[in-house]
Amino acid sequence: MRIGSRRFSPTIFATLLTLAGIGAFSWLGFWQLGRAAEKRGLIAQYEAGAHATVDLDAANAATLAQYQHVRLKGRYDDGHQILLDNMPSRHGRPGYRVATPIELSSGGWILIDRGWREPGVTRSEIPDISVDTAERTIAGRIDSLPRAGMALGEAPTDASAPWPRVMNFPTAQAAQQALNRPLLPGLVLLDPDQPDGYERSTEVRLPFGPERHIAYAVQWFAFAAAALVIYVILSLRRKDDDRVQGS
């Protein structure tokens, strides 16, 4: 194929390499668009959960949608609390999230995320997270235990460790093992206006919003377009080049 004074003559290797690059860059772009759609869905779900408050109990705990606003009555267990380690504050400071089990007056136990707490001066200094055990009614949103970006395997539970117990991204099963009691699914994010809590947010917890995923998608698609342009430019040969190769 000739384009002006040049002939389009790509090599097989360049063609295969370009197709692979365009395919990979395009896949990454569409994956980022998918992640953006997922996060928009979570934000919409968070907003939808505020439209009604559901009374949480053992019968409906497993059926409630993420971020559903709930109300429950019970007593905190001050003596067996979990400090979720490596949790950032709103401003990115490292610390703990305080997960306190509560016994529902209607029966069953569930974890209450009372918010972010700054650590002590040293790792061995555990912050004071004591809480009154009087019966109370609290409100919050249903969520799940935070998960690590990369699972490295779960450390065995040390039954002799003191309370409050520091745990790094525990699963629901590990939390139940540590507390030595069954737990209802998920945990409740304590509302910011509720007492006996620490730093909390009124927004859905996301490392970053859908806008950044869209920016990444545009970047990957731009790489795909650039790969195509480079392929075309490098595959255009002048007539002089043909004579040199033939001599």
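Which residues form one aromatic cluster? Phe-25, Trp-220 and Phe-223 do, and the legends below describe this and other close-up views. The model is predicted, so that local features need pLDDT of at least 70 and side-chain atom pairs count only at pLDDT 80 or more, whereas totals for chains, interfaces and linings use all residues. Residues are numbered from 1 along each chain as its sequence is written, and side-chain values use heavy atoms, with hydrogens and water left out.

View A. Trp-27 and Trp-31 make a stacked pair, 6.5 Å centre to centre with 10 degrees between the planes, and both belong to helix α1 (residues 12-49), where they sit 4 residues apart, about one turn of the helix. Helices (H or I, at least four residues) and strands (E, at least two) are DSSP runs, numbered from the N terminus. Phe-30 and Phe-221 make an edge-to-face pair, 5.1 Å centre to centre with 70 degrees between the planes; because Phe-30 lies in helix α1 and Phe-221 in helix α3, this pair ties together parts that are 191 residues apart in sequence.

**View B. The largest nonpolar core.** A nonpolar core is a set of buried Ala, Val, Leu, Ile, Met, Phe, Trp, Tyr and Cys residues joined through side-chain atoms within 4.5 Å, where buried means under 20% relative accessible area, exposed over 50% and partly exposed in between (1.4 Å probe, protein chains only). The largest such core has 16 residues, and Leu-56, Leu-72, Ile-102, Ile-110, Ile-112 and Val-188 have the most contacts inside it. Strand β4 (69-76) is among the elements that give two or more residues to this core, and its 3 residues are the largest share.

View C. Arg-200 lies in the loop between β10 (187-190) and α3 (210-235). Arg-200 is buried yet has no salt bridge, the nearest side chain of opposite charge being Asp-193, 6.2 Å away; a salt bridge is a side-chain nitrogen of Lys or Arg within 4 Å of a carboxyl oxygen of Asp or Glu, and Lys and Arg count as positive and Asp and Glu as negative, with His and the chain ends not counted. A polar atom of the Arg-200 side chain lies 2.5 Å from the backbone oxygen of Asp-191, and one lies 2.8 Å from the backbone oxygen of Tyr-198.

Definitions and conventions
A polar contact is a pair of N or O atoms within 3.5 Å; within protein, one must be able to donate a hydrogen and the other to accept it, and residues adjacent in sequence count only if both atoms are side-chain atoms. Rings of Phe, Tyr and Trp (its six-membered ring) pair if their centres lie within 6.5 Å; planes under 30 degrees apart count as stacked, over 60 as edge-to-face and the rest as tilted.
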